[in-house]
Amino acid sequence: PSFGGLKATLQYQFREGATDGKNWGGNLLYFGGPVGLTAFYERTQLSNPVVARYADGSTRTNWMVGGSYDFSVVKLFATYGQSKNDTTDAKLKTAQLGVSAPIGAGKLLASYARTKNNLLDATRQTLTVGYDYSLSKRTDMYANVMHDKITSYDSGTSFAVGIRHRF
C-alpha cells in the first residue's frame, strides 16, 4: 500500500543449506507531484558454489539514494550509491545525473554516470543518449547509444534498438 505517496518493501532470502548466506534488503519510494525519491539497502552473503567468484563467503552491502524532479519541459534525475565487499575492502562509489525531455510522442533521454573503485584505483564513466517513442499506453520503441570508458582500458560504444510491451 501507499501512504501519502510513500511505499516500502522488504525482502529476505531463506537459507537453503549450511553454506548459504542470510540475504536481505529493503527500499523506500516516494512519489508526490513532481517529486520522486528513492533509497535502498541490501546485504548479501556470497556463497554460490556454482560460480567460483561468488563462493568466497564474503558479505556485500549496497545502498543508493536518488531523486527526480519533473519541471514538465524537462525531468531531472540524480542518484548516489556505494557497493562494498568486506573481504577485499573494495568500495565502489557511483554518482549519476540524468535528464528526460518530451519531444513529440516520445522522450529524449540522457544520462552520465561515474563509478570510482578504490581497490583498483580506477574510474568508469558512462554517457548514454537515447530516444523512447510511445506507440501506445503500454508499447514503445527505443534507440540508445552508450559510450563507456574505464581507466587504463580502451573505450567502447554500444547501440541498442528495440520494442517493449508492458503486460
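Tutor: A residue is called buried under 20% relative accessible area, exposed over 50%, and partly exposed in between (1.4 Å probe, protein chains only). This is a predicted model, in which local features need pLDDT of at least 70 and side-chain atom pairs count only at pLDDT 80 or more, while totals for chains, interfaces and linings use all residues. Residues are numbered from 1 along each chain as its sequence is written, and side-chain values use heavy atoms, with hydrogens and water left out.

Student: In what order do the strands of the open sheet stand?

Tutor: Strands are DSSP runs of at least two residues, labelled E and numbered from the N terminus. Two strands pair if DSSP finds at least two bridges between them. The open sheet has 10 strands with antiparallel pairing, and their order is E1-E2-E3-E4-E5-E6-E7-E8-E9-E10.

Student: Which strands stand at the edges?

Tutor: An edge strand here has a single partner strand, so one side of it is left without a neighbour in the sheet. The strands in this position are E1 (6-13) and E10.

Student: Which residue in E5 is the bridge partner of Asn62?

Tutor: Strand E4 (residues 59-70) is joined to strand E5 (residues 75-85) by 11 bridges, and the two run antiparallel. They form a hairpin with 4 residues between them, and Ser72 in the turn has a positive phi of about 75 degrees. Across this pair, the bridge partner of Asn62 is Ser83.

Student: How far apart are the N and O atoms in the salt bridge of Arg124 and Asp148?

Tutor: A salt bridge is a side-chain nitrogen of Lys or Arg within 4 Å of a carboxyl oxygen of Asp or Glu, and by this rule the count comes to 5. Arg124 is in strand E8 and Asp148 in strand E9 (residues 139-150), 24 residues apart. Arg124 is partly exposed at 39% relative accessible area, whereas Asp148 is buried at 13%. The N to O distance of their salt bridge is 2.4 Å.

Student: Why does the pair of Arg164 and Asp132 tie together separate parts of the sequence, and how many residues apart are they?

Tutor: The closest N and O atoms of Arg164 and Asp132 are 3.6 Å apart, which makes a salt bridge. Arg164 lies in strand E10 (residues 156-165) and Asp132 in strand E8, so the parts they tie together are apart in sequence by 32 residues.

Student: Which elements give two or more residues to the nonpolar patch?

Tutor: Patches are made of residues with over 30% relative accessible area and no salt bridge, with like charges joined within 9 Å and nonpolar side chains (Val, Leu, Ile, Met, Phe, Trp, Tyr) within 5 Å. Ile103, Leu108, Tyr112, Leu127, Val129, Val145 and Phe159 form such a nonpolar patch on the surface, with about 620 Å² of accessible area together, as given by the Shrake-Rupley method with a 1.4 Å probe, where only the protein chains shown count as cover for residues. The elements asked for are strand E7 (106-117) and strand E8 (122-134).
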